[in-house]
Amino acid sequence: MLKLVGVETFYGKVKALHGVSLEVQKGQLVCILGANGAGKTTILKTISGLVSPEMGTVRFEGRRIDQMDPEEIVALGISHVPEGRRIFPELTVYENLLMGGFLIESGDLLRERLEATYDHFPLLKKRRHQLAGTLSGGEQQMLAISRALMLKPKLLLMDEPSLGLSPLLVRNIFRTIRRLHESGVTILLVEQNVNLALQIADYGYVLSNGKIFISGTYEELIEEEKVREYYLGEGKYIRRSRLWSG
Ligand SMILES: Nc1ncnc2c1ncn2[C@@H]1O[C@H](COP(=O)(O)OP(=O)(O)O)[C@@H](O)[C@H]1O
Ligand SMILES: [Mg+2]
């Protein structure tokens, strides 16, 4: 569904991505892991057209998108939940959701999507007239995700949704992501919370200094000493089955 080959992205003269290749198949939940400054956000921005790669190609459903505008890319079915949520704090929950549905022309369809969102996140329905800036961090993240879902994207890009949340809310967000994945949404997730991300992902890429240095399934990655050492902490990882039981 999504395929990056040899992508090199610059900020001015500084190269942030050094030939990144990765793939997301339809229905998959793929995660990109890596330390601060590794280039994770830059990968998502390159996919959604906020920055253009100087080298390499980005294909979505077989079509080159690497020189398209962000608006065209959204219209193709790629929604981006940005780092730091970026909701509109002075607007209500409802108004924020409307902003997410900006490409929807039919009023009926817009109402339908709103209802679907409220069914999925009843808490947002309860708070629909509340200013978004007054929501808790976890609720704001839910809103940011819901806003991106208003267009029913084929592919959802999520940039560190768990950042700054308490451990309880982090688990909540991960449950939400897992639920979305199970409902059929294809997801490319950027995370520093490697342990949890790998629990729910089908496949992971580990990024370091703008390069993918290792990739694999959860089972493959936890066997890698380097990944364990740097990202998981020896012996600290929890078995996939255990985390979600109960
Ligand atoms: N707007 C920008 N201008 C210049 N350099 C940037 C900009 N955004 C990111 N960078 C640099 O690009 C590299 C990758 O950043 P980023 O993709 O944000 O990493 P991550 O999301 O993994 O923390 C870092 O060295 C960062 O300093
Ligand atoms: Mg980032």
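**View 1. The shell around ligand 1 holds four nonpolar, six polar and one charged residues.** Welcome to the first close-up of this predicted model. The residues to look for around ligand 1 are Tyr11, Val14, Ala16, Gly34, Asn36, Gly37, Ala38, Gly39, Lys40, Thr41 and Thr42. Helix H1, which covers residues 40–47, supplies the largest share of this shell, with three residues.

**View 2. Leu149 is a buried residue of helix H6.** You can find Leu149 in H6, the helix made of residues 137–149. Is Leu149 buried or exposed? Leu149 has 22 C-beta neighbours inside 10 Å, and a residue with 20 or more counts as buried, so Leu149 is buried. Now look for Arg113: Leu149 and Arg113 are 36 residues apart along the chain, and their C-alpha atoms are separated by 8.7 Å.

**View 3. Helices H6 and H7 cross at roughly 15 degrees.** Two packed helices are described by the angle between their axes and the distance between the axes. Here, the axes of H6 and H7 (residues 167–182) come within 10 Å. An angle under 35 degrees counts as roughly parallel, so H6 is roughly parallel to H7. The crossing of H6 and H7 is right-handed.

**View 4. Residues of H6 meet residues of H7.** Which residues of H6 meet H7? On the H6 side they are Gly137, Gly138, Gln141, Met142 and Ile145, and their partners in H7 are Leu169, Asn172, Ile173 and Thr176. Sorted by class, the residues of this contact between H6 and H7 are four nonpolar, five polar and no charged.

Methods:
Residues numbered from 1 in each chain as written. Chains lettered and ligands numbered in written order. Predicted model: local features only at pLDDT ≥ 70, side-chain atom pairs only at ≥ 80, totals over all residues. Near = placed C-beta within 6 Å. Helix = DSSP H or I, 4+ residues; strand = E, 2+ residues; numbered from the N terminus. Nonpolar A, V, L, I, M, F, W, Y, C, P; charged D, E, K, R; others polar. Buried ≥ 20, exposed ≤ 12 C-beta atoms within 10 Å, placed from the backbone. Axes fitted to C-alpha atoms, helices over the stretch in contact; angles between N-to-C directions. Parallel < 35°, antiparallel > 145°, perpendicular 65-115°, else oblique. Left-handed = near helix turned anticlockwise from the far one by under 90°. Contact = placed C-beta atoms within 7 Å.
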